[in-house]
Amino acid sequence: MMSGKFLVVLVVTAFIIGGKSMPAELVALMLEYQEQCIAVTGSEEGFQQMLGTFQMARTCLLSHLDEQQLQIDAMQLTYESRKPFFDKYCPKFNEQISCFDDTLEGIAKCITDDVDKFKAIIKSIAYDLLDLACQNDGQLFFDARKPGFKDCMIQLKEHGAQECKLSNSTTETLISRYDEQQCRELYDAKECLKRKIDECDAPKVFDIIQVVFNAISKANDCKQHTTFREILSNNIDGTVSEN
């Protein structure tokens, strides 16, 4: 599976597009991310930038929204009433992802010295996650609240992280500089995770994972490699694609 530090980025990015205060369950994850930031870069500059700019980014986001009305609408949200809510707010959130540019830059600084390219990857993930969250009138929002979804995420963390992990050489390679070998491993890890997710019958979990993998694959132009093109063309079930 992908390195732990990038999974933290996924969680933080998903949290960012929601524009909410830090949930208590993310505190331990953020502390782990801080340690990894220091381990990778030798400092916590990126981590501090991420934390220091988040509140300003959130203020920027909410300045383009009626926060009180948003809270009222969110409290009244039901499965039956979801379409007007997501039709109203999804375009607004999409327009304001740029509010988090400095925050995303801080995240990128914790991962690589190729900050601009990696920032672009994270921003692409943020847009795609928001698009996924808004599909089918916010179906993912409701699916994610089901016990099966949470159980699948736990199983994925406990078993998939070990069984579907990338090699040490790929893990040590900057995510923005993958070559043919890393692209192949990326695809294999993605397929391994899909099999694990199929076992727990929570397809939306794979949709989230696929957003991350596709962004990395596209940023590294994995399609240019002959063996990777052959893998994609020989995909039997057609469920895995690189956008």
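Q: Why is the disulfide of cysteine 37 and cysteine 110 called left-handed?
A: Look at the torsion about the S-S bond of cysteine 37 and cysteine 110: it is about -75°, so this disulfide is left-handed. Before we go on, note that this is a predicted model, where local features need pLDDT of at least 70, side-chain atom pairs count only at pLDDT 80 or more, and totals for chains, interfaces and linings use all residues. Residues are numbered from 1 along each chain as its sequence is written, and side-chain values use heavy atoms, with hydrogens and water left out.

Q: How do you know that cysteine 37 and cysteine 110 form a disulfide?
A: Their sulfur atoms are 2.0 Å apart, and a disulfide is a pair of cysteine sulfur atoms within 2.5 Å, so the pair qualifies. With this rule you get a count of six disulfides.

Q: What makes the pair of cysteine 37 and cysteine 110 a tie between parts that are 73 residues apart in sequence?
A: Cysteine 37 sits in helix H2 (residues 27–41), while cysteine 110 is in the loop between helix H6 (101–109) and helix H7 (115–134), so the bond ties those parts together. Helices here are DSSP runs (H or I, at least four residues), just as strands are (E, at least two), numbered from the N terminus.

Q: Why does cysteine 37 count as buried?
A: Its relative accessibility is 1%, and buried means under 20% relative accessible area, with exposed over 50% and partly exposed in between (1.4 Å probe, protein chains only). Cysteine 110 is buried too, with a relative accessible area of 1%. Tyrosine 33, in helix H2, also counts as buried at 1%.

Q: Why is the disulfide of cysteine 90 and cysteine 134 called left-handed?
A: The torsion about its S-S bond is about -100°, so it gets that label. Cysteine 90 lies in helix H5 (residues 82–95) and cysteine 134 in helix H7, so the bond ties together parts that are 44 residues apart in sequence.

Q: Why are H5 and H7 called roughly antiparallel?
A: They pack at an angle of about 180°, with their axes 10 Å apart. Axes are lines fitted to C-alpha atoms, for helices over the stretch in contact, and angles run from 0 to 180 degrees between N-to-C directions. Under 35 degrees counts as roughly parallel, over 145 as roughly antiparallel, 65 to 115 as roughly perpendicular and the rest as oblique. So H5 and H7 come out as roughly antiparallel.

Q: How do you know which residues of H5 meet H7?
A: Contact means heavy atoms within 4.5 Å. By that test, Phe86, Cys90, Phe93 and Asn94 in H5 meet Tyr127, Leu130, Ala133 and Cys134 in H7.

Q: What makes phenylalanine 141 and phenylalanine 142 an edge-to-face pair?
A: Rings of Phe, Tyr and Trp (its six-membered ring) pair if their centres lie within 6.5 Å; planes under 30 degrees apart count as stacked, over 60 as edge-to-face and the rest as tilted. These two rings are 5.2 Å apart centre to centre, with 90° between the planes, and that gives an edge-to-face pair.

Q: Why is phenylalanine 141 called partly exposed?
A: Its relative accessible area is 33%, so it falls in the in-between class. Phenylalanine 142, at 13%, is buried.
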